[in-house]
Every structure is written in C-alpha cells, then in structure tokens.
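Let's take a walk through this one together. Have a look at the model first, and then we'll go through it piece by piece.

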Amino acid sequence: MDRYAAMLHHRKARLVQGDPIAPPLVSAATFHVPDHANGGYSYSRAGSPTWDELEGQLALLEDAPVVAFPSGMAAISAALMAVLRAGQKVVLPSDGYYTTRLFAEEFLKPFGVTATYLPTVEFSTADFAGAAAVFIETPSNPGLDVCDIAAVVARAHAAGAVVIADNTTMTPVLQRPLDLGVDVVVAADTKAPSGHSDLLFGHVASRNAAVLDRVRNWRRLSGAVPGAFEAWLVHRGVETLEVRMARMCASAGVIAERLAGHPGVRRVRYPGLPDDPSHAIAKRQMAGFGFLISFTLADAGVAEKFLADCPFIVQSTSFGATHTSAERRARWGDMVPEGFIRMSVGIEPTEPLWAAIAAALPEN
Ligand SMILES: *Cc1c(COP(=O)(O)O)cnc(C)c1O
C-alpha cells in the first residue's frame, strides 16, 4: 500500500515554487545541446522528460527500473530481442497472447531462434533443458489457466534460462513476478494501467541491469519509441490503477459467482471461484483474482445476442478498461467453443452492472 501512496507523490521531492503538480507534457524532437559532452536530453529517440516521469512512476509500481515502449508488443519484442541470440531456444505458452507466438514464428525463427510451445498449466512441471529463455503468461489469455511462477523460475534457472513474464492480465497491483524470481516483466499498459481504451503502450521492468540496458538500447536503435502524449496519458491512468482494480476485482468476484449459478451459463472460468482449476495457485501467488471472466453460452447466436442486448457491455476486443467489455473469442480463431465469451469487468457500480447482465442472459 505504501507503494501506491509513494507513486502518487513521486514528483514532490523535485518540485520547486510554481511547478505543475502533474508532469509537464514535453513534445520535443530536439533539445538545446550547445555542449555535447555535458549530458542531458539531446534527441527524443534516446530519451525524453515525459518518458522519465512515467518510468519513474512505473518503477515505484514495479519496484524495479522500467523502460517504456509504444505498445505491449513493442515491449515484448524488445525483451525477446534483448535476451535471445541465434542458435538459442525460447519456450512460449501455446495458449497465451497470440501475437507473441506470431512474432516468434515470423521474426525469431528466421534469425535462428527455435521456439517451442507448452500449455500454461504444464510450465510448473516442465523440463527446460536447452532453453535460453522461458516466457510465461499467467493467467493465460483467454483461457485463464495459471502456472506456479516460483516453480517455473526454479526449473528455468536450474536449466540456465532467463524467465520473462507477461504480467498484462494482472498488473503489479495483483501479481509481482519479479518478487517471485522472474528476471524480466513485460506488460501491455494499453490494458488496465492506462485503463481508458484510448491508447497503446507497454513497458519492460527488470532488476537485471545488463538485460535492461540492452532493452533500452534496443529502443534507441530500433526506434520503437513511445510518443510523449501517450506516456503522459499513461501516467495519468496509472494514478488511479489501484482503486480501479479494487472495484473491478470486487465486481468480477460477485459476477463470476452469479454466472456460475445461472442456468443459462455453461462453464465459467474465474480464478477466484473455489472450484476453478486455477484457484489454488492463484490464491498463493496473486493478491486478487483479477477482472477477467470467461464463460460459455449455448452457441454463437446466443452469445452474440447476449453481447448485443446488454447495455453495459461494450463489444470490443482488449480488456482492463473503465467500461465492461466482452467478445466471443472464437471470432478470432481462438481454440474455444463458439459460445465462449471473455468478459473484462469495468468500474461500473456492481449491482446495476449485474442487473444488466442478468437481464440479457438466456433463461437456460
Ligand atoms: C494486449 C496484450 C499484449 C499486447 O499489447 P499491445 O499494446 O496491443 O501491443 C500482450 N500481452 C497480453 C497478455 C495482452 O493482453
């Protein structure tokens, strides 16, 4: 909790009379550099004051230094490029964020990196011999399966592999992979941290200075640089992350339980439900059960009608925003039943939200 208070006041010690309380939004390509040897900002691909404000704030959240990126995928690709070399092997989740697998297939493989895939539930007991990097995403998206982070770290480190965790679904408010021994955290701040469905952003966090230096160098040389305005908006979003998460998780817990008891709803997945396959591990390693619920309705037609009928669900992809959103994941080709819905619970007051969901659900 101290962390969130410190985060809200991270600028205070540096403020002088007349400074703005919110960080200034500095939109600049170039800076006044009469003396090149004297440090400071020079050119915005190498560094900018607005990134620094955001990275300072996110570093308090992660309890580790942070490098900001223009999207979650920019952060993920930077971390993979920073740790992997030709001839090495990376283990990735077969049921995690689809674009990470596409990146491995389209870009890592042609550069001589082998990618192998495992379902998230198998990572806790996997043999990582021969791997240079192990990449986890827990809970997985969209299936909400989990792996035991500390167990994965022990097995991966014994095999000499670096562990990267995509912590997007939980954020550091709910899950702290670095404290469980993970070497590098990657995250899409597009989701809950910015929280308002109005931008893409990402970051890499690590307590390994050599890895983070390479990540920073990747940003400078590849040019995957975030815009100042987006960084400024993420800073604003992160200020309310903890309170938004509290409401979202509390509502998700109530709604998941009611969905599980509803005659029109098939299989509900929510790590907070006591009989969910993810519950035991989730309870141990997560500070809350999150805002994502998946459930299955009879078929595609019933699911589409539910989504269209509920006035408090926006029909969109992505998750973690102020508005409750949901979609039928089979439309993207996910290996799920036709009536499978992933719902991201927003910050609407719980009871009106549930009333609207209940009214739109099929009776049985
Ligand atoms: C959205 C998401 C990403 C990618 O983030 P972008 O900002 O869209 O590039 C990566 N991992 C997970 C788990 C995500 O949900």
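**Around the ligand**

A backbone N or O atom of M73 sits 2.8 Å from an oxygen atom of the ligand. This is a predicted model, where local features need pLDDT of at least 70 and side-chain atom pairs count only at pLDDT 80 or more, while totals for chains, interfaces and linings use all residues. Residues are numbered from 1 along each chain as its sequence is written, and side-chain values use heavy atoms, leaving out hydrogens and water.

Now look at D166: an N or O atom in its side chain is 2.6 Å from a nitrogen atom of the ligand. How much of the ligand does the protein bury? Taken alone, the ligand exposes 380 Å² (Shrake-Rupley method, 1.4 Å probe), and the protein buries 93% of that.

**Over to helix α5**

Next, find helix α5, residues 149-158 (helices are DSSP runs of H or I, at least four residues, and strands are runs of E, at least two, numbered from the N terminus). Here I149, V152, V153 and A156 are buried, meaning under 20% relative accessible area with a 1.4 Å probe, protein chains only. They cover an arc of only 100° around the axis, so they lie on the same side of α5; the arc is taken from the directions from the helix axis to the C-beta atoms. The buried residues of α5 pack against β4 (133-137), β5 (162-166) and α10 (279-285), with contact meaning heavy atoms within 4.5 Å.

And what follows α5? That's G160, whose phi is positive, near 80°.

Key:
A polar contact is a pair of N or O atoms within 3.5 Å; within protein, one must be able to donate a hydrogen and the other to accept it, and residues adjacent in sequence count only if both atoms are side-chain atoms. Buried means under 20% relative accessible area, exposed over 50%, partly exposed in between (1.4 Å probe, protein chains only).
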